[in-house]
Amino acid sequence: SFWRNTDATVELVVGIPYTKIGGYYGVQSKTFGGVIDFSYQWFSQLVVYNHTKELSFNTWIDIPKTSGIGIYSDWTMNMQTLRFARGEWGILKSFSYKITKVLIGAGGGIPLDKKPYLNGYVMVTL
C-alpha cells in the first residue's frame, strides 16, 4: 500500500522467472492499472496499463558484443481515444566510471498532433 499525492493505493506484484506482473487500485481516484515486465538475456519488454490514461509499451534490446549499447522503442496508446499518442525510438549506451553508472544516448519521437523531435540523454547514478 502507498500514498501517492492525495490517493492511497493498494498494490501487488508477483514475480516468476523472467517475469513480474503487478497491479494497483487507487482508493480515492477509483483508478486501476497494471504492469507486465518480461526480461531475458538481451531482451526486455515492459507493458504498463492505466484504464483512464494509457497503454504503454517499452522494449529494450541489448546489441550483442557492443559492451552496453542497446536500442529502445517506447510508444503509448491513449485509452480514451484508443489511438496512438506518442512514440520514441533510439539508442543508449551504459557504462561504469569509478563509483558511478552512466547512461548516454539519443532518440527521436513522434507525439500526437505535434512536430517530431530529437533528444539527447545523459544520466549519472551512484
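Is E88 buried or exposed? Keep that in mind as we walk through the model; the tour ends there.

This is a predicted model, in which local features need pLDDT of at least 70, side-chain atom pairs count only at pLDDT 80 or more, and totals for chains, interfaces and linings use all residues. Residues are numbered from 1 along each chain as its sequence is written, and side-chain values use heavy atoms, with hydrogens and water left out.

**First stop: β3 and β4.** Select residues 19-26 and 32-40, the antiparallel strands β3 and β4, which seven bridges join. Strands here are DSSP runs of E with at least two residues, numbered from the N terminus, and two of them pair if DSSP finds at least two bridges between them. Click T19 and look across to F38 in β4, which stands opposite. Five residues lie between the strands of this hairpin, and K30 takes a positive phi near 55°.

**Second stop: β5.** V35 has V48 in β5 as its bridge partner. In the turn of this hairpin, with two residues between the strands, Q41 has a positive phi of about 50°.

**Last stop: the salt bridges.** Show the side chains of R86 and D74, a salt bridge with the closest N and O atoms 3.6 Å apart. A salt bridge means a side-chain nitrogen of Lys or Arg within 4 Å of a carboxyl oxygen of Asp or Glu. Next select E88, which forms a salt bridge with R86 at 3.7 Å between the closest N and O atoms. E88 is buried, at 6% relative accessibility. Shared partners join D74, R86 and E88 into one network. R86 is partly exposed, with a relative accessible area of 25%; buried means under 20%, exposed over 50% and partly exposed in between (1.4 Å probe, protein chains only).

Terms used
Helix = DSSP H or I, 4+ residues; strand = E, 2+ residues; numbered from the N terminus.
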